[in-house]
Amino acid sequence: IRNASRRKKKTNGKYAQDGYRKQYLPLGRKHYYRANISKKDINLSTGAIMEHLFFQLNRLKSVLKNKFIFLFLDYDGTLTPIVQSPDKAIILRKTMEILRGLSKNPHCRVAIISGRALKDIKNKIGLEGIIYAGNHGLEIDGPKIKFKTPVSMGYMTVLKKIKAILKKKLSKIRGVIIEDKGLTLSVHYRLVDTKDARLVKTIFHETLVHYIVSNKIKIRPGK
């Protein structure tokens, strides 16, 4: 970073190098990325390097000791592995037992936040005393909370129309799954042959571009 002034050439404090040449300053974070520093030498409290949670379990236990914990969990990819088809994502008995224990712990509250429909995620888990958030939070149900995002009839009409168009255009491509989640739609193509994946994406975007530009819908990628 060059000094904007035309006055006497200056260095930038402790980060300056020999005289007036290219210098690197930490803009918003520490300058770990320009040095060969191992993970064990980095102060994790700075947030400069993200490590897997399980690598810091002892430290985590110390930080959370005697604290009330509000645990937010996803379903697909967290409580269950990512699978080829949404209906095959079944939670393991051992995982369910742990979840049940946490839901009954007076020092812990559990919330399951999922892209699935609220009814679907509740059926998948089936536990009382926890909060369920379906459709990425558009609908929520749990102890002392019940919420559903108000949507217009116009939006629901658009969604219904999009579903019909996609179903017609994608029906000949084997492996495509169109999931109607009430307030949203999902198009799954994990089972589609590799050679057809690009075609699925093209049809999808060509179908939706008008609705996106006119701000009638929003899309977001899945896992």
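This briefing walks through the main features of one protein chain, topic by topic.

The structure is a predicted model, in which local features need pLDDT of at least 70 and side-chain atom pairs count only at pLDDT 80 or more, while totals for chains, interfaces and linings use all residues. Residues are numbered from 1 along each chain as its sequence is written, and side-chain values use heavy atoms, with hydrogens and water left out.

**The chain as a whole**

- The chain holds five helices and seven strands; helices (H or I, at least four residues) and strands (E, at least two) are DSSP runs, numbered from the N terminus.
- Along the sequence, these elements follow the pattern α-β-α-β-α-β-β-β-α-β-β-α.
- Of the 223 residues in the chain, 27% are buried. Here buried means under 20% relative accessible area, exposed means over 50%, and partly exposed is in between (1.4 Å probe, protein chains only).
- Among the contacts in the chain with a separation of 6 or more, 42% are between residues 24 or more positions apart. A contact means heavy atoms within 4.5 Å.

- Which residues of helix H3 (residues 118-125) are buried? They are Leu118, Ile121, Lys124 and Ile125.
- Seen down the axis of H3, these buried residues fall within an arc of 130°, so they line one face of the helix. The arc is that of the directions from the helix axis to the C-beta atoms.
- Just after H3 comes glycine 126, with a positive phi of about 70°.

**Residues in loops**

- Most residues other than glycine have a negative phi. The next two residues have positive values.
- Histidine 136 is not a glycine, yet its phi is positive, at about 60°. You can find histidine 136 in the loop between S3 and S4, and it is partly exposed, with a relative accessible area of 46%.
- Lysine 144, another residue other than glycine, has a positive phi near 65°. Lysine 144 sits in the loop between S4 and strand S5 (145-148), and at 90% relative accessibility it counts as exposed.
- Is threonine 184 buried or exposed? Threonine 184 counts as buried, because its relative accessibility is 17%.
- Threonine 184 lies in the loop between strand S6 (177-180) and strand S7 (185-188). Its side chain is joined to that of asparagine 135 by a polar contact of 2.4 Å.
- A polar contact is a pair of N or O atoms within 3.5 Å; within protein, one must be able to donate a hydrogen and the other to accept it, and residues adjacent in sequence count only if both atoms are side-chain atoms.
- Leaving out residues up to four places away in sequence, threonine 184 touches Asn135, Leu138, Tyr155, Leu159 and Glu179.

**Two pockets**

- Pockets are found on a 1 Å grid over the protein atoms alone: a pocket is an open set of points with protein on both sides within 12 Å along at least five of seven lines, whereas a cavity is a set of points where a 1.4 Å probe fits but cannot get out, and lining residues have an atom within 4 Å of a point.
- The largest pocket has about 1,500 Å³ of space. Grid points are joined across faces, edges and corners, and a volume is the space filled by probe spheres set on the points.
- The largest pocket is lined by 43 residues, and those nearest its centre are Lys181, Ser186, Arg220, Pro221 and Gly222.
- Helix H5 gives the largest share of that lining, five residues.
- By class, the lining of the largest pocket has 20 nonpolar, 12 polar and 11 charged residues. Ala, Val, Leu, Ile, Met, Phe, Trp, Tyr, Cys and Pro count as nonpolar, Asp, Glu, Lys and Arg as charged, and the others, Gly among them, as polar.
- The second largest pocket has a volume of about 540 Å³. It is lined by 15 residues, with Leu53, Phe54, Leu71, Leu73 and Leu102 closest to its centre.
- H2 gives the most to the lining of the second largest pocket, with four residues.
- The lining of the second largest pocket has 13 nonpolar residues, two polar and no charged.
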